[in-house]
Amino acid sequence: MPTTEDDLATPRDATTGWTPTFTAWLIASASTLGALFFGEVMQLPTCTLCWYQRIFMFPLALILPVGLFPFDRKVVRYALPLAVGGWLVAVFHQLLVAGVIPEDIRPCTQGVPCSQTVIEWFGVLTIPLLSVVAFSLIIVLLILTHLRSSK
Amino acid sequence: MKQKTLFLGAAVLMLLVFAVATMSYRTETTQQSAQVVDRNRDRLVRMHSPALGNAQARVVIVEFLDPACETCRAFYPLVKDMMAANPEDIRLVLRYAPFHQGSEAVVAVLEAARKQGKFWPALDAVLASQAEWAPHHVAQVELVWPHLDGLGLDLEQLRADMSSPEIARIIEQDLADAQALNVRATPEFFVNGQPLPHFGYDPLKQLVDRALKDTDARQ
């Protein structure tokens, strides 16, 4: 996105890092609103692992803008731990759904089982998969921010 | 400057999409739930359901109730008030939706009290003392007994009746009907077969008032 080429007040190294962080924020916000839609509007039950992923995703939607205005090249330092934490939980969840992780170490047996598939779009897209994709993209974008702004 | 505009634009756009999606989802589900009830009309009232008020009343309120549910307790006097304000015109039919842990046993107490002709006094007593026998939202039937004192119930008989297969069948049927009618939370009300557009006292009152007026016009 050629958003800031003409923004002469900002040094070049900072502006090139802005776009990936902004894109990461778009993903985090869309994910947050999506999770709220599933939980609060559609009233789908939220399983334990989903709660842990929310714990990592929701703050990203709020903290990434802090790194955007004014652009802070150190945004990676405080955003990446959340993204990586969420990614780990999301991957664990996805492995659970896929059946790679065996039954006996499933952490949530009471309430809603995390292995239960609530939504499936186009035959492949489930909520845990969306979560893995979202966290992965955010991590890649944050690394991109770091590489571009530290040059 | 441009960045701020882009950011604010994106934020507003996302919130807007969220709001529109929420509204259209709500509208759609309201229509769907009305259709579900329409298809399962015969499941609203069963022969075994306890009922209060004029059998020929123009307005029938079907309430799915969980004796351990706090909101059910809060709504109970409100519904009674509505009936008192329109004597002869409103009939209340109770269905059981014991969603709380341990609540089925309390329903069995009520049904056993019914065999002794003391259903409504027992329900009053059970709801009034709910906080004492359902600590932390878990119904504990052994804590219910002291609150039934003074109703003139034969408690020994009542305990024996509680485990009758007939009562178990009633609870099973009510739970199956609740599921078929998409009752997921209690209390759930149906006024002349119509579900509430959304939960609350005012929607219930409006639906009842409209049903009273509609049937008035027809007479």
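Reader: What pattern does chain B follow when read along the sequence?
Author: Chain B runs α-β-β-α-β-α-α-α-α-α-β-β-α. This is a predicted model, in which local features need pLDDT of at least 70 and side-chain atom pairs count only at pLDDT 80 or more, while totals for chains, interfaces and linings use all residues. Residues are numbered from 1 along each chain as its sequence is written, chains are lettered from A and ligands numbered from 1 in the order in which they are written.

Reader: How many helices and strands are there in chain B, and what makes a run a helix or a strand?
Author: Both are DSSP runs, numbered from the N terminus: a helix is H or I with at least four residues, a strand is E with at least two. By that rule chain B has 8 helices and 5 strands.

Reader: What order do the strands of the open sheet in chain B take?
Author: The order is E1-E3-E2-E4-E5, with mixed pairing. Strands E1 (51–52) and E5 (194–195) of chain B each have a single partner strand, so they stand at the edges and one side of each lacks a neighbour in the sheet.

Reader: How do you know that E4 and E5 of chain B pair?
Author: Two strands pair if DSSP finds at least two bridges between them. Strand E4 (residues 188–191) of chain B is joined to E5(B) by 2 bridges, and the two run antiparallel. So the pair meets the cut-off. B:Val191 stands opposite B:Gln194 in E5(B).

Reader: What share of the residues of chain B count as buried, and why is a residue called buried?
Author: A residue is buried if 20 or more other C-beta atoms lie within 10 Å of its own, exposed if 12 or fewer, and partly exposed in between, with C-beta atoms placed from the backbone. Of the 219 residues of chain B, 31% count as buried. In chain A, buried residues make up 34% of 151.

Reader: How many helices and strands has chain A?
Author: Chain A has 4 helices and 0 strands. Its pattern is α-α-α-α.

Reader: How many residues does the contact take from chain A and from chain B, and what makes two residues a contact?
Author: Two residues are in contact if their C-beta atoms, placed from the backbone, lie within 7 Å. The contact takes 15 residues from chain A and 11 residues from chain B. H1(A) gives the largest share of chain A's side, 8 residues.

Reader: Which residues of chain A's side are nonpolar, polar or charged, by number?
Author: That side divides into 11 nonpolar, 3 polar and 1 charged. Ala, Val, Leu, Ile, Met, Phe, Trp, Tyr, Cys and Pro count as nonpolar, Asp, Glu, Lys and Arg as charged, and the others, Gly among them, as polar.
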